Amino acid sequence: MKNPLTKNRFLMSVLLLFSLSTVLAACGSADDSNPTATADAKSNGKEKVEIVWMMATDPDKKAWQDAMVSTFEESHPNVKVRLENIPYDQFDQKLATLIASGNAPDVWNPNQADSGFATYMKMGALKDLTPYIDKGAPELKTMDPNLLNIYKIDGKYYGVPLVSNATYLYYNKDLFDAAGIPYPPTDWDDKSWNFDTMLETAKKLSHDVGDARKQVFGFSSALSANEMTWLFGGDMFKPEAYTTGVMGEPDLMKPLNIEALQFNVDLIHKYKVAPDAETVAASAQLGDPFLTGKVGMYISGGWGLGSYKKADFKWGVAAVPYHEGRKVPLYVDPWSISATSKHPDEAWEFVRHLANPAEGGGAYRYMNDVGRTPADSGLFKLWYDKMGGEIGMDAAAFKQVHEGSIQNGREAENHLIVKFNTVLETMNQSLYQVWGGNERVTNGLKSLNEKLLSLNLNQ
């Protein structure tokens, strides 16, 4: 969720048209007015213990993470928090090794990389938090129940939401102004803003393609191939894959899937308004493609709201183009506790600390300091006003973009399908020649179908 660096989960998939993005997320800190902070009195006389908090490496979150550790240790003198930052592309492997060896971190976000919540649930790695939540946690009083219930499995809670990133169309205002083109609409119900219109806009924004120093592309995306099909009303997997966590038999050859992928291939090779594999790979070495200032429109997750603050150009967010059945990914990331934690009570206190929405609290500071979408509904108005002001948009217009994304969204694939990191890698490798323009979409999908079935994940 997912971070402000480029999200590697998209790297190869988008190795052509798109890129990576960075996934995602956290919340934290407590103040003395909150029950979380009053644990100071309870701590006196207790044995000193250490809990481990594991996070994917992300410079945008480092100051916030350090503040979370120091403020928690101040209010809980018997607890030391050891923060472990692991590079994003090593996160899943490192975490799986730690779990297998019985040394899992006490607190982490299961959706920080490509494996996702479903994978760790299947492993039995997550602790049932229901007894703690049932006792009452003031920090969760204004949490949207719909978000909290995402991580409620068979009547039990296994995560506390920390962030609710949506998907937007980011656009470079400077490029639009230079081309004399009106900004894309914020209304997701505006059917005139469809993919044909988007293509025409991308053509006007693109120029000097082929000249590495001057080229500007009208469009790019950070979505996986499967998520590209969602925008057209398609899906590479059957509905039960997302509810059971088992990939099952793929459903690749739907006409809508073929239409979606062909459209994206044509953006690269026919219309030349989107970057090819080499261009994406080169820009990925430098960071997020949108931050280069050479992309007019870019579909990506809500982490961009924080990451793009460093841009040296003006930008905004708009609705993703309309298509019948369109859905976009949502990234509701949770804090979870290891099922084998030796100090689950202290770990729970730390989760409460991270989820505190009070002014100066963890969730509040995460929204303000890191720029991520809060999961706590009590913070939404403040967030709309804050982000609207920072982007240079009316708060009501920004609210319309965000709420439209939620209404047209569905939870991210890697959060729900077990071992999706393996599925994604297979998808990327199988479709590489398709994105390169060297293989027909239908042939690529047939090859992908064989390779996915050979993974033996249907159990």
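A crossing of two helices is left-handed if the near helix is turned anticlockwise from the far one by less than a right angle, and right-handed if it is turned clockwise. In the predicted model described here, the crossing of helices α15 and α16 is right-handed. Two packed helices are described by the angle between their axes and the distance between the axes.

The axes of α15, which covers residues 362–370, and α16, which covers residues 380–391, come within 11 Å and cross at roughly 15°. Because angles under 35 degrees count as roughly parallel, α15 is roughly parallel to α16. On the α15 side the contact involves Y364, M367 and N368, which meet L382, W383 and K386 of α16. Sorted by class, the residues in the contact of α15 with α16 are four nonpolar, one polar and one charged.

A second pair is formed by α2 (residues 59–75) and α14 (residues 344–355), whose axes are 11 Å apart and pack at an angle of about 125°. Helices α2 and α14 are therefore oblique to each other. The passage of α2 across α14 is a right-handed crossing. From α2, the residues W64, M68, T71 and F72 take part in the contact, and from α14 the residues E346, E349, F350, H353 and L354. The contact of α2 with α14 comprises five nonpolar, two polar and two charged residues.

Helix α14 was also examined on its own. Its twelve residues should span 16 Å at 1.5 Å a residue, and the end C-alpha atoms are 16 Å apart, which agrees. Eleven of the twelve residues of α14 are buried, so this helix is largely enclosed by the rest of the structure. The buried residues are P344, E346, A347, W348, E349, F350, V351, R352, H353, L354 and A355. The α14 residues that contact α2 include E346, E349 and F350, and these are likewise among the buried residues of α14.

The residues V423, T426, M427, S430, L431 and V434 of α19 meet V441, G444, L445, L448, K451 and L452 of α20. By class, eight nonpolar, three polar and one charged residues make up the contact of α19 with α20.

Helices α19 (420–435) and α20 (441–453) also contribute to the cover over α11. Helix α11 spans residues 255–269, and its 15 residues reach 21 Å from the first C-alpha to the last, close to the 21 Å expected at 1.5 Å a residue. Within α11, the buried residues are N257, A260, L261, F263, N264, V265, D266, L267 and I268. Besides α19 and α20, what covers these residues includes α8 (195–205), β8 (217–221) and α9 (225–231).

Most residues other than glycine have a negative phi. D154 lies in the loop between β4 (152–153) and β5 (156–157). With a relative accessible area of 77%, D154 is exposed. K419 is placed in the loop between α18 (413–416) and α19. Its relative accessible area is 42%, and K419 is thus partly exposed.

Two further residues illustrate approaches between separate parts of the chain. E278 belongs to α12 (residues 277–286) and is exposed, with a relative accessible area of 55%. The C-alpha atom of E278 is separated by 9.2 Å from that of G436, although the two residues are 158 residues apart along the chain. K80 is located in strand β2 (residues 79–86) and counts as partly exposed at 40% relative accessibility. Between K80 and K48, which are 32 residues apart in sequence, the C-alpha to C-alpha separation is 7.4 Å. When neighbours within four places in sequence are left aside, K80 is in contact with K48, V49, E50, I51 and E73.

Technical notes. Residues are numbered from 1 along each chain as its sequence is written. This is a predicted model: local features need pLDDT of at least 70, side-chain atom pairs count only at pLDDT 80 or more; totals for chains, interfaces and linings use all residues. Side-chain values use heavy atoms; hydrogens and water are left out. Axes are lines fitted to C-alpha atoms, for helices over the stretch in contact, and angles run from 0 to 180 degrees between N-to-C directions. Helices (H or I, at least four residues) and strands (E, at least two) are DSSP runs, numbered from the N terminus. Angles under 35 degrees count as roughly parallel, over 145 as roughly antiparallel, 65 to 115 as roughly perpendicular and the rest as oblique. Contact means heavy atoms within 4.5 Å. Ala, Val, Leu, Ile, Met, Phe, Trp, Tyr, Cys and Pro count as nonpolar, Asp, Glu, Lys and Arg as charged, and the others, Gly among them, as polar. The expected span of a helix is 1.5 Å times one less than its number of residues. Buried means under 20% relative accessible area, exposed over 50%, partly exposed in between (1.4 Å probe, protein chains only).
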